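Student: I would like to work through this protein one step at a time. Can we start once it is on screen?

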Amino acid sequence: MKIENPTITPTLGADLRALRKARGLTLTELADELGRSVGWLSQVERDKSEPSISALRQIASALDVSVSSLFGQDAVPVEEQGYVVRAGARRPIGSREAGLVEELLSPDLTDDFEMVHSTFEPGADLGHDLQRPTQEVGYIVSGRLDLKIDVSWHTLSQGDSFRIRGETYRWKNPYRDPAVVIWVISPPVY
């Protein structure tokens with residue numbers, strides 16, 4: 001029996017399925033990692049069962065996302081669900097790297113891509129190269145960001161854009177002002 005909880009996103013199951021698939025995990029692999037049955041996980045992904053808060057924490061940890069990214073911010077009018085994300089209702093997501101604040105601009109994680117509002121605080125630094133099996137594009141809304149793609153460093157400023165297609169990359173903001181970037185990632189990783 002599905003329990004209605006207005007704080008959990010209306011697309012929780014679809015979001016969890018998208019995250020699991022983005023990480024290349026099967027239902028069986030994730031269920032095994034959680035110590036749960038495949039049937040239970042399948043019901044959660046189909047919104048037939050609502051997991052407890054402790055189960056959500058366990059799932060979020062296994063999928064390397066914040067628990068808060070699985071919760072909605074405010075009640076969304078029915079006509080806007082799946083279509084509109086208001087500025088004050090963005091879901092926090094992210095890599096939890098110091099100095100990086102990320103919010104989901106997409107209504108959910110069920111598309112072939114996700115759109116993220118990223119704020120790189122002054123001094124933020126990924127600290128190591130990262131590589132993901134994704135295609136990513138970004139647009140610098142404000143500030144400056146140093147971005148290493150493969151072996152080359154680039155200083156990007158307001159109005160600049162970039163693309164990463166599976167190459168290693170690293171970012172840092174050694175500047176006085178935050179850098180705000182709109183980042184589009186396919187397939188979704190959060």
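Tutor: Start with a definition: a salt bridge is a side-chain nitrogen of Lys or Arg within 4 Å of a carboxyl oxygen of Asp or Glu. Buried means under 20% relative accessible area, exposed over 50%, and partly exposed in between, with a 1.4 Å probe and protein chains only. Lys and Arg count as positive, Asp and Glu as negative; His and the chain ends are not counted. This is a predicted model, where local features need pLDDT of at least 70, side-chain atom pairs count only at pLDDT 80 or more, and totals for chains, interfaces and linings use all residues. Residues are numbered from 1 along each chain as its sequence is written, and side-chain values use heavy atoms, with hydrogens and water left out.

Student: Which side chain of opposite charge is nearest to Asp146?

Tutor: Asp146 lies in strand E5, residues 144-149. Helices (H or I, at least four residues) and strands (E, at least two) are DSSP runs, numbered from the N terminus. Asp146 is buried and has no salt bridge. At 5.1 Å, the nearest side chain of opposite charge is Lys172.

Student: Which side chain has a polar contact of 2.6 Å with Asp146?

Tutor: A polar contact is a pair of N or O atoms within 3.5 Å; within protein, one must be able to donate a hydrogen and the other to accept it, and residues adjacent in sequence count only if both atoms are side-chain atoms. The contact of 2.6 Å is with the side chain of Tyr175.

Student: Why do the buried residues of H2 line one face of the helix?

Tutor: Helix H2 (residues 27-34) has Leu30, Ala31 and Leu34 as its buried residues. They line one face because, seen down the axis of H2, they fall within an arc of 100 degrees; the arc is that of the directions from the helix axis to the C-beta atoms. An α-helix has 3.6 residues a turn, so residues three or four places apart point the same way. The arc asked about is 100 degrees.

Student: What covers the buried residues of H2?

Tutor: Here contact means heavy atoms within 4.5 Å. The cover includes helix H1 (12-22), helix H3 (38-45) and helix H4 (53-63).

Student: How many residues of H1 are buried?

Tutor: H1 is mostly covered. Leu12, Asp15 and Arg20 are among its buried residues.

Student: Is Asn173 buried or exposed?

Tutor: Asn173 sits in the loop between strand E8 (169-172) and strand E9 (179-186). Its side chain reaches the backbone nitrogen of Tyr175 at 3.0 Å and the backbone oxygen of Asp177 at 3.0 Å. With 0% relative accessibility, Asn173 counts as buried.

Student: Which residue meets Arg90 in a salt bridge?

Tutor: Arg90 lies in the loop between H4 and E1, and its partner is in strand E2 (residues 100-104), so the pair ties together parts that are 13 residues apart in sequence. Arg90 is partly exposed, at 21% relative accessible area. The bridge is 3.0 Å, N to O, and the partner is Glu103.
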